[in-house]
Amino acid sequence: MTVLVAGAGPAGLVVAAELALAGVEVAVVDAAPGRFPHPRGFTLSARSLELLDRRGLADRFLAEGPVVPYGMFLPGMALDFSAMDTDHPYALGIAQNRVEELLEEWLAELGVRVRWGHEVVDFSQDADGVDVFVGEERWRASYLVGCDGSRSTVRKRAGIGFPGVDATSYGLIADVEADFDALATGEVFVLPRPGYVRIVLDEPEPRTGPVELGYVRELLNARLGREVPLGRALWLSRFSDAARQAESYVRGRVILAGDSAHVHPPAGAVGVNVALADAMNLGWKLAATVSGRAPDGLLQTYHDERHPVGARVVRTARAQSLLGREDLSPVRELVADLGAAAGPYLAELVTGVDTRYDPRIPGDHPLLGRLAPNLAVEVGGRSTTIAELLRPGRPVLLDEFGGMLVRPDGHVAWVADPETLPVALRTWTGP
């Protein structure tokens with residue numbers, strides 16, 4: 001086995017698919033007996049749709065749900081996604097478990113199936129690979145990718161620090177059968193879903209153990225000052241505003257992505273989207289490294305590029321969470337006023353559309369480091385697009401637009417300057 005991926009969430013599935021697309025042997029294991037059947041989130045951002053489009057997958061996802069040209073930065077403060085510079089100026093409403101199902105189907109089409117009920121419990125690495133204990137079995141891999149969630153065994157066993165801030169506020173998510181109109185008073189956050197509602201409540205003090213429906217009813221009635229009938233509970237869970245980030249995303253032959261690398265408050269519902277972006281950045285670099293095609297230091301650029309992005313996501317989510325507090329309503333109102341002028345900036349910030357990586361070559365072209373726009377091009381007399389050319393997961397060198405080198409993840413590595421092209425090629429594509 002060449003690469004073992006621990007965790008079959010969005011990050012793990014996309015990393016594995018990128019490796020399989022490049023012809024790299026990969027196995028995916030997950031400790032759970034099967035996929036979690038209830039959605040934790042409901043949104044794919046513009047940047048996620050752009051990245052999926054670079055692999056020919058966007059239409060599969062867009063067929064699953066409605067798109068809306070707006071989102072929420074704070075309670076009462078909407079963001080206009082239609083003003084963003086993107087091919088997908090909207091958010092897609094789609095359940096997270098359905099996102100994972102579609103990604104798992106793509107992975108199966110590439111010849112890789114998830115091995116459910118297989119838990120990574122320990123490992124040791126050396127200069128040539130990693131000995132991984134999956135249950136009681138010992139597997140040998142050249143690399144181990146930890147996509148096993150916020151309590152990541154891979155991160156802990158690798159000795160990678162996870163600094164950050166402890167929780168100061170706590171909340172509950174309750175997906176229950178209830179009358180939306182009886183709850184939609186503005187006093188609690190409630191989201192209508194087919195056949196049920198999602199209620200989000202503050203929890204006055206930290207608690208452990210399973211959430212009971214009676215406890216949810218007690219908090220809800222106290223908040224509303226009246227009783228609201230609640231039916232069957234579909235999913236009850238806790239969350240907090242704790243925020244942490246791994247010190248390193250790469251430690252020898254062990255790599256982290258998704259929630260294993262960063263956790264943050266749920267404000268903005270960005271977790272799935274950040275995980276997808278991590279995986280798209282990592283997959284082609286790891287494939288090139290395993291295949292012996294990578295220039296020196298390519299794998300380390302995964303940490304160099306995604307760690308700052310993760311830090312920014314954590315900071316933004318913390319700010320959104322803190323501004324949501326009742327005692328900060330004057331500050332929230334001021335931010336809402338400022339947001340009227342800074343709406344496009346905030347929209348591109350929370351969706352990741354503004355992401356720019358260091359191209360590592362001189363130049364100030366506005367496209368350097370950004371995701372290449374999906375421009376129409378002509379290849380061999382045939383009309384196509386940049387996104388279509390990227391679908392095999394390989395870099396693309398165009399002689400149109402003055403010349404452009406596009407990395408497999410869609411980001412522009414070089415534009416127009418003949419003197420810097422050799423450096424760009426050595427940096428990103430190897431010999």
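This is a predicted model: local features need pLDDT of at least 70, side-chain atom pairs count only at pLDDT 80 or more; totals for chains, interfaces and linings use all residues.
**Helix 1 and its partners**

Helix 1 spans residues 10-21 and helix 8 spans residues 271-290. Their axes come within 8 Å and cross at roughly 25°. Because angles under 35 degrees count as roughly parallel, helix 1 is roughly parallel to helix 8. On the helix 1 side, the contact is made by P10, A11, V14, V15, E18 and L19. Helix 8 contributes V272, A275, L276, A279, M280, L282, G283, W284, L286 and A287.

Helix 4 covers residues 96-109 and packs against helix 1 at an angle of about 20°, with the axes 9 Å apart. Helix 1 and helix 4 are therefore also roughly parallel to each other. In this contact, helix 1 uses P10, L13, V14, A16, A17 and E18, and helix 4 uses Q96, E100, L103, E104, W106 and L107.

The handedness and residue classes of the two contacts are as follows.

| Helix pair | Crossing | Residues in contact, by class |
|---|---|---|
| Helix 1 and helix 8 | right-handed | 14 nonpolar, 1 polar, 1 charged |
| Helix 1 and helix 4 | left-handed | 8 nonpolar, 1 polar, 3 charged |

**D131**

D131 counts as buried because its relative accessibility is 12%, with the limit set at under 20%. The side chain of D131 makes a polar contact of 3.2 Å with the side chain of R138. Leaving aside neighbours within four places in sequence, D131 is in contact with D122, F123, S124, R138, W139 and R140.

Note on methods. Residues are numbered from 1 along each chain as its sequence is written. Side-chain values use heavy atoms; hydrogens and water are left out. Buried means under 20% relative accessible area, exposed over 50%, partly exposed in between (1.4 Å probe, protein chains only). A polar contact is a pair of N or O atoms within 3.5 Å; within protein, one must be able to donate a hydrogen and the other to accept it, and residues adjacent in sequence count only if both atoms are side-chain atoms. Contact means heavy atoms within 4.5 Å. Axes are lines fitted to C-alpha atoms, for helices over the stretch in contact, and angles run from 0 to 180 degrees between N-to-C directions. Helices (H or I, at least four residues) and strands (E, at least two) are DSSP runs, numbered from the N terminus. Angles under 35 degrees count as roughly parallel, over 145 as roughly antiparallel, 65 to 115 as roughly perpendicular and the rest as oblique. A crossing is left-handed if the near helix is turned anticlockwise from the far one by less than a right angle, and right-handed if clockwise. Ala, Val, Leu, Ile, Met, Phe, Trp, Tyr, Cys and Pro count as nonpolar, Asp, Glu, Lys and Arg as charged, and the others, Gly among them, as polar.
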